[in-house]
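The following paragraphs guide a new reader through one protein model. Please keep the sequence and the structure in view while reading.

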Amino acid sequence: MAGFFVTDARREGKPFLFAVALIAALGGFLFGYDTGVISGALVYIKGDLGASSFEQEAIVGALLIGAAFGALGAGYLADAISRRWTKVLSGSIYTLAAIVCAFCQSPDQLIAARFVLGLSVGTASFVSPMYLAELPPKRIRGGLVSFNQLMIVSGILAAYIVNFALKGIGADNWRWMLGLGAVPGLMLAVGMAVMPYSPRWLIERGREEEAKDVLRRTHEEQDVDEEVESIKKVASETGRLRDLIGPSVRPMLIVGLGLAIFQQIVGINTIIYYAPTILGFTGSSASSAIGQTVAIGVTNLVFTVVAILLLDRLGRRVFLIAGTVGLTVALAVLGAFFAFGTLQASASALALIALVVYIASFAVGLGPVFWLMISEIFPLEIRGPAMAVCTIANWTLNFLVSFTFLSLAADIGKAATFWLYAGIGVLAIIFFILRVPETKGRSLEGIQRDVTGSSRRRRRHQSELRSA
Ligand code: BGC
C-alpha cells in the first residue's frame, strides 16, 4: 500500500481526486452508519413497537440478508449501468428507505424497510471499493481499501454519537436515529451524480476519449496513455466464474473465504449491533450503556487508524494473528464475567474493558485485513467475482451470527455464548497461522505462488500419508 490514501492524494496535488474519493467512500460511511445505528435504536424500538427477541433479531438481520442480495446484484449493475449510476441508485434507495424506516408502525414494516435498506448497503459495500480502485494512479491505489474501512468505522462512530445525542428526546428518538441516515444517503446520491464515470468502465464500452479526459484529471499527463493501455490489457483478460474453482485460484479462494467467514463468526457484529444490550446485561441503564458504546466506537476508529499507519510497515500477518489472539482472550474474559457472579460484584467494569480490548484487537487485525487481503490475493482477471463471493459470504455470516445471538444467549447462557466465540477465535488463529500468506510489499504472482505451492505441498503430504 502506498501509504494513507487521502494524504497521498493530497500530496499528489490532485484535489479533484481527493474530492472524488471522499464522495465515493460515503458508500463505506453508509455501511457503517447503518451497522452502528441499530445498536442504540433497538433498545427503544423494543419498547415502542413491542418487538420480541425474534423480531429484534429480524430487524437487525433483514438488512444483512438484503445486503447479501445487494452485493450479488451489484457486479451486474456496475457493469450494466456503470459504477457511478449504481452508486447514485444505491444512495437514492438508502435515502428513501431511511425515511420509510423512520415512519414504520410495526416490527414487520421495519423488517421490510430494512431489507430494502440492505440492498443499498450491500451494493455500496461492493461498488465503493471497486470504483475507488479504478480511478487513482497505481501507486496510491492500495491505500484506498483501508480508507474505505476507515469510512465504515467513522460511520459506526457517527451513528453511536447520534444515538447518544438523541437518547433523551423521548419515545420517538429511534425514528430520528434511523431517519438521519437519509443525510449521508442523499450526499452520496447527489455527489455521485456529478462525479466522473470510472475510466475502466468507459474503456470497456469503447469510450476511450472520455476515459482519457477522466484520467487527465486524476493522473499526470505523461501517464495517461500507459494507463489506458494497461486498462485495455486487463479488460481483455476478464476471467470467468468457472475459473474461481480452478486449481490456481481455489487455494486463494479458501484463504479469502476463511477470512470472510472468521471475520464474522468471532462475533464482531454481536458487539457492534448489541453493545448497549450486552452492557445492559451487566446492569448498565439504557442511557449510560449508549454512552459507553460511544467509547467502543472511538476505540474502533483510533485502532483502525493505527492499523492503517502500520500495516504496510509491519505486515498484515502479525496484526491479523496478534489481533485475533487479543480478541479471543477478551471473549474468554467476557464469558468468565457472565459465568461468575463474584466477578460481576467485585469487578463491574471488567465487561466494558473486555469489550474495548475486543474492539481494539479487531480493529487492528481482522477488520481492515480482510478487506485489504481480498483485494490483494486474487489474480486481476478474476478479482471482481472472487471479491464478490467473499463479500457475499461475509454478509451472509454476518446475518447468521447476529440473527442467532440473542436466542443463543437465552438458550445456552451468555457465558457459554462468548466462550463459543472464543473457541472459534482459537480456530481462526490456527487457520491464519497455517494458511494466510504475508502480502505486504509482495507481487501478486509471488503471493499466488506461495498459496498455491503450500496447498500443493499439503496435498502431496496427505497422499503420502494415505499411501504409507
Ligand atoms: C466488518 C463489519 C463490521 C465492521 C466493524 C468491518 O470490517 O466487515 O461487519 O461491522 O468492520 O468495524
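**A guided reading of the model**

N163 has a relative accessibility of 1% and therefore counts as buried, the cut-off for that class being under 20%. The model in which this residue is seen is a predicted one. N163 belongs to helix 7, which covers residues 143–166. Leaving aside residues up to four places away in sequence, N163 touches G36, V37, S39, G40, A41, M177 and I290.

The wider setting may now be described. The protein contains 22 helices and 0 strands. It has 468 residues, of which 57% count as buried. When contacts between residues at least 6 apart in sequence are considered, 82% of them join residues at least 24 apart.

Two packed helices are described by the angle between their axes and the distance between the axes. The crossing in which helix 3 passes helix 6 is left-handed.

Which residues of helix 3 and helix 6 meet? On the side of helix 3 they are G27, G28, F31, D34, I38 and I45, and on the side of helix 6 they are L110, R114, L117, V121, A124, S125 and S128. Sorted by class, this contact of helix 3 with helix 6 has 7 nonpolar, 4 polar and 2 charged residues.

Is D34 buried or exposed? With a relative accessibility of 4%, D34 counts as buried. Apart from residues up to four places away in sequence, D34 touches L63, Y94, R114, L117 and V121. R114, L117 and V121 are also among the residues of helix 6 that meet helix 3. The C-alpha atoms of D34 and I152 are separated by 9.6 Å, although these two residues are 118 residues apart along the chain.

Helix 6 has a further partner in helix 5. The axes of helix 5 and helix 6 come within 8 Å and cross at roughly 155 degrees. That angle makes helix 5 roughly antiparallel to helix 6. Helix 5 passes helix 6 in a left-handed crossing. The residues of this contact of helix 5 with helix 6 comprise 15 nonpolar, 5 polar and 4 charged.

S82 lies between helix 4 (53–80) and helix 5 (83–102). The phi angle of S82 is near 90 degrees, which is a positive value in a residue other than glycine. S82 is also buried, as its relative accessible area is 1%.

The cysteines complete the tour. How many disulfides does a search of the whole structure find? The search finds 0. C104 is in no disulfide, and the nearest cysteine sulfur, that of C101, is 5.5 Å away. C104 counts as buried at 2% relative accessibility. C390 is likewise buried, with a relative accessible area of 0%.

Terms used
Residues numbered from 1 in each chain as written. Predicted model: local features only at pLDDT ≥ 70, side-chain atom pairs only at ≥ 80, totals over all residues. Heavy atoms only, no water. Disulfide = S-S within 2.5 Å. Buried < 20%, exposed > 50% of the residue type's maximum accessible area, 1.4 Å probe, protein only. Left-handed = near helix turned anticlockwise from the far one by under 90°. Helix = DSSP H or I, 4+ residues; strand = E, 2+ residues; numbered from the N terminus. Contact = heavy atoms within 4.5 Å. Nonpolar A, V, L, I, M, F, W, Y, C, P; charged D, E, K, R; others polar. Axes fitted to C-alpha atoms, helices over the stretch in contact; angles between N-to-C directions. Parallel < 35°, antiparallel > 145°, perpendicular 65-115°, else oblique.
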